[in-house]
Amino acid sequence: LGEGTQSTTRVVDLSKYGNNGTCIYSNTCNYTTGRWNQGIRFNGTNYITNTSSMGLEAKNLTVSLWAYIYSTGFHSEEFPHGSVLISKGRGTTFAPYLSWMIAYNYSVGGSPRMLMGVFGFNGAANNELITGTTYNFNQWYHLAITYNSTTAAFYVDGIKRNTTVNTNGIDYTTDFGGGGNKDLVIGAWFPDDPSDVYDRYSNAT
């Protein structure tokens, strides 16, 4: 993502796919100092959306981002989805609702704060949660989810924290009668640094 390099009202995708993101609920993208170069600070009302699916519906997938979760501000307490760092909608209001997602929960019913990955697999009755680790406020984390057509994994700072085996593949189908959308969304209801999306499978090395 070429944040801040070409536009102050949208996030420019420098990959071959050109999936530029539109900054919502703000006159600008709210650029700030990121983990590397610039980042975008989300405050609970602003987020980035992209309606294209070009290169985002891969069978083998890696999604990664740097996130800095502040101790102040708004955090969603909805479980298991929590505050969304990045997600790919499935275009339906029927489960599984999302194709994939990286998120965190703030604190639900006294449960510990948790980083998490979420996948929607073909034939599943609901989205499948892959928990990561608890986290500290005011600290950078590198988060990633991977899927290689067999195993989905969740990484925190390059360390594999949890896996699940599913050979059915990620569900990208659309139920037009169910509503919803297939948007890529970054930063809905959370503060975070921008994300990188890769259409290849990666491991810790």
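Let's start with the cross-link. This structure holds one disulfide, meaning a pair of cysteine sulfur atoms within 2.5 Å. The partners are cysteine 23 and cysteine 29, with sulfur atoms 1.8 Å apart. Their link is right-handed, with 95° about the S-S bond.

A word on the source. This is a predicted model, where local features need pLDDT of at least 70 and side-chain atom pairs count only at pLDDT 80 or more, while totals for chains, interfaces and linings use all residues. Residues are numbered from 1 along each chain as its sequence is written, and side-chain values use heavy atoms, with hydrogens and water left out.

Back to the cysteines. Are they buried or exposed? Cysteine 23 counts as buried because its relative accessibility is 11%. Cysteine 29 counts as buried too, at 2%. Here buried means under 20% relative accessible area, exposed means over 50%, and partly exposed is in between, using a 1.4 Å probe and protein chains only.

Asparagine 30 lies in the loop between β2 (21-24) and β3 (31-33). Its phi is positive, about 60°, although it is not a glycine. Most residues other than glycine have a negative phi. At 28% relative accessibility, asparagine 30 counts as partly exposed.

Serine 149 also has a positive phi, about 75°, and is not a glycine. You find serine 149 in the loop between β11 and β12. At 32% relative accessibility, serine 149 counts as partly exposed.

Now the overall picture. How many helices and strands does the protein have? Zero helices and 15 strands. Both are DSSP runs numbered from the N terminus: helices are H or I with at least four residues, strands are E with at least two. The protein has 205 residues, and buried ones make up 47% of them. Take contacts between residues at least 6 apart in sequence: 61% join residues at least 24 apart. Contact means heavy atoms within 4.5 Å.

On to the sheet. Eight strands form an open sheet, in the order β1-β2-β5-β14-β7-β8-β9-β10, with antiparallel pairing. The edges are β1 (10-11) and β10 (128-131); each has a single partner strand, so one side of each is left without a neighbour in the sheet. Two strands pair if DSSP finds at least two bridges between them. Strands of a sheet pair through backbone hydrogen bonds.

Look inside that sheet. Six bridges join β8 to β9, and the two run antiparallel. One of the bridges links asparagine 105 with methionine 114 in β9.

Then find the hairpin of β12 and β13. Strand β12 (residues 151-156) and strand β13 (residues 159-165) pair in the antiparallel sense, over six bridges. Threonine 151 has valine 165 in β13 as its bridge partner. Two residues sit between the strands, and aspartate 157 takes a positive phi near 55° in this hairpin.

At 6% relative accessibility, isoleucine 48 counts as buried. What does isoleucine 48 touch, not counting residues up to four places away in sequence? Among its contacts are Val11, Cys23, Phe42 and Val185. The C-alpha atoms of isoleucine 48 and aspartate 183 are separated by 9.8 Å, and the two residues are 135 apart along the chain.

Next, the cores. A nonpolar core is a set of buried Ala, Val, Leu, Ile, Met, Phe, Trp, Tyr and Cys residues joined through side-chain atoms within 4.5 Å. The largest one has 35 residues, and those with the most contacts inside it include Ile86, Trp100 and Phe154. Strands that each supply at least two residues of this core include β7 (83-89), β8 (98-105) and β11 (140-147). A second, separate core has eight residues, including Leu98 and Val185.

Last, the rings. The structure holds seven aromatic pairs. One of them, tyrosine 135 with phenylalanine 137, is edge-to-face, at 5.8 Å centre to centre and 80° between the planes. Rings of Phe, Tyr and Trp (its six-membered ring) pair if their centres lie within 6.5 Å; planes under 30 degrees apart count as stacked, over 60 as edge-to-face, the rest as tilted. Tyr68, Tyr70 and Trp140 form one aromatic cluster.

Arginine 41 lies over the face of tyrosine 70, 3.7 Å from the ring centre. The charged end of arginine 35 sits over the ring of tryptophan 66, 4.9 Å from its centre. A charge sits over a ring if NZ of Lys or CZ of Arg is within 6 Å of the ring centre and within 35 degrees of the ring normal.
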